[in-house]
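Please examine the sequence and the structure shown below.

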Amino acid sequence: QVQMVESGGGLVQAGGSLRLSCILSGRTFTLYMGWFRQAPGKEREFVAGFRWQGSAMINAASKEDRFTISRDNAKNTVYLQMNNLQPEDTAVYYCAAATYATTSPREYSYWGQGTQVTVNS
């Protein structure tokens, strides 16, 4: 059973930074890890993702250069570092896992509960 718990969201001023965390449990090393976000009235969209193979990140992708995904295997945690946040980044951010590299939320089988990020102008 794969489970994920996000944290690190909050209120930040435009131009600020946040680091979101996603604590993993279960067999996740072979899965493609992704971060998504969903703003009110909008569809859920892919933000960043990667797969961990050996000691390397592969199939890494990011919606914007301001967002960086990483993983700490010792802590079994995936991070999303977000810099220079803007009001349009306001959304609920979700950690998710899929069996292959994809940006489609429909292909992800495992989801966390989400963490709210609000950016004030």
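Leaving aside neighbours within four places in sequence, R66 is in contact (heavy atoms within 4.5 Å) with Q81, M82, N83, N84, L85, Q86 and D89. The side chains of R66 and D89 are joined by a polar contact of 2.8 Å; a polar contact is a pair of N or O atoms within 3.5 Å, where within protein one must be able to donate a hydrogen and the other to accept it, and residues adjacent in sequence count only if both atoms are side-chain atoms. R66 is buried, with a relative accessible area of 17%, as buried means under 20% relative accessible area with a 1.4 Å probe, protein chains only.

This is a predicted model, in which local features need pLDDT of at least 70, side-chain atom pairs count only at pLDDT 80 or more, and totals for chains, interfaces and linings use all residues. Residues are numbered from 1 along each chain as its sequence is written, and side-chain values use heavy atoms, with hydrogens and water left out.

The structure holds one disulfide, defined as a pair of cysteine sulfur atoms within 2.5 Å. The table lists its values.

| Link | Property | Value |
|---|---|---|
| C22 to C95 | S to S | 2.2 Å |
| C22 and C95 | angle about the S-S bond | -80° |

C22 lies in strand β3 (residues 18–25) and C95 in strand β9 (residues 91–98), so the pair ties together parts that are 73 residues apart in sequence. Strands are DSSP runs (E, at least two residues), numbered from the N terminus. Both cysteines, C22 and C95, are buried.

Six bridges join β3 to the antiparallel strand β8 (residues 77–82); strands pair if DSSP finds at least two bridges between them. V78 in β8 is the bridge partner of C22.

Notes
Buried < 20%, exposed > 50% of the residue type's maximum accessible area, 1.4 Å probe, protein only. Helix = DSSP H or I, 4+ residues; strand = E, 2+ residues; numbered from the N terminus.
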